[in-house]
Amino acid sequence: MSIADTELAPWTTAELEERLRDVVARRYHHRHPFNLRMHEGTLTPDELRRWILNRFHYQQHIPIKDALILAKLETSELRRLWIHRIHDHDGTAPGEGGIERWLRLGEAAGLERGRLLSGEEVLPGVRLAVDGYVNFCRLRPPLEAVASSLTELFAPDLMRVRIEAFERHYPWVDAAGLRYFRGRISQGRNDSQEAIALVLDWARTRADQERAVAALSFKCDVLWSLLDAVERG
Ligand SMILES: O=C(O)c1cc(C(=O)O)c2c(n1)C(=O)C(=O)c1cc(C(=O)O)[nH]c1-2
């Protein structure tokens, strides 16, 4: 029987939220061995730079996937709600926004911005993981595309741990470079609150609720695969 055929009673809103949070708690990349090593302080400078360079590929594609989601939203109210994500990453003027801040993180770690912008050194597995996420948001309905962003439920906590880890273990990274992570604490909290409200509102049947949980699982796989590729180098 496919998910679409299930006629089980829907979960309550509280049950659905618990299931979504449980997926992230169990499968988010905060548990990946490479992330654990980053936070313990055992990455070499080359490994940390490899992560920054490859994660830039993910960062660059976030506003592209958000534009694909925006194009599926059918009311002004919803598009107004979503559009700030593109501004958060691209800024509203040159020299602003999350992508620029990530480039500065790279510079703070000794990576010239041209190396990040060229994309030449991006690992094949990272390209595949990021393509997988962008195409998922391109092809799936709004419920699943929005649910896949819910890994951000955990991102603010992760950012706090990461900032502390960088300050303690990687003092050779100029502190100004950490501005990206600081900004994501409130952005991630705001994004995930907006997105979970939509998912809880839209997913009324059990089949839709299961699709939302599966979308979030898929996104955890994307982030996990990205770190697998970076770890292998
Ligand atoms: O560094 C991280 O661990 C991390 C994770 C995630 C995430 O959970 O997808 C995002 C970000 N950072 C991030 O900076 C970001 O802008 C972002 C946007 C999204 C999304 O799916 O819409 N996730 C994330």
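Does H89 count as buried or exposed, and how many C-beta neighbours does H89 have inside 10 Å? H89 has 21 C-beta neighbours inside 10 Å, so H89 counts as buried; the cut-offs are 20 or more other C-beta atoms within 10 Å for buried, 12 or fewer for exposed, and partly exposed in between, with C-beta atoms placed from the backbone. The structure is a predicted model, in which local features need pLDDT of at least 70, side-chain atom pairs count only at pLDDT 80 or more, and totals for chains, interfaces and linings use all residues. Residues are numbered from 1 along each chain as its sequence is written.

**Overall fold**

- The protein chain contains 11 helices and 0 strands, where helices (H or I, at least four residues) and strands (E, at least two) are DSSP runs numbered from the N terminus.
- The C-alpha trace of the protein chain spans about 55 × 35 × 30 Å along its principal axes.
- Of the 233 residues of the protein chain, 34% count as buried.
- Among contacts in the protein chain with a separation of 6 or more, 82% join residues 24 or more positions apart; two residues are in contact if their C-beta atoms, placed from the backbone, lie within 7 Å.

**Annotated domain**

- The unreviewed UniProt entry carries the annotation "domain: Thiaminase-2/PQQC" for residues 24–228; UniProt positions are given in the numbering used here, feature names are shortened, and annotations may be inferred rather than shown by experiment.
- Residues 24–228 are 76% helix and 0% strand, and the end C-alpha atoms of this span lie 18 Å apart.

**Nonpolar core**

- The largest nonpolar core has 52 residues, and L20, V24, L150, V199, A212 and L216 have the most contacts inside it; such a core is a set of buried Ala, Val, Leu, Ile, Met, Phe, Trp, Tyr and Cys residues joined through C-beta atoms within 7 Å.
- Helices that each supply at least two residues of this core include α1 (13–27), α3 (45–70), α10 (179–202) and α11 (206–232).
- Helix α11 gives the most to this core, with 10 residues.
- Leaving aside neighbours within four places in sequence, L216 is in contact with L20, V23, V24, A147, S148, L150 and T151.

**Ligand surroundings**

- I62, G98, S149, T151, E152, A155, L158, R184 and L223 surround the ligand; a residue is near a molecule if its C-beta atom, placed from the backbone, lies within 6 Å of it.
- The shell around the ligand has 4 nonpolar, 3 polar and 2 charged residues; Ala, Val, Leu, Ile, Met, Phe, Trp, Tyr, Cys and Pro count as nonpolar, Asp, Glu, Lys and Arg as charged, and the others, Gly among them, as polar.

**Individual residues**

- H89 lies in helix α4 (residues 76–90) and, apart from neighbours within four places in sequence, is in contact with I62, P63, G97, G98 and I99.
- P45 is placed in helix α3 and counts as exposed because it has 12 C-beta neighbours inside 10 Å.
- Y58 is found in helix α3 and is partly exposed, with 19 other C-beta atoms within 10 Å.
- Not counting residues up to four places away in sequence, Y58 touches V130 and L226.
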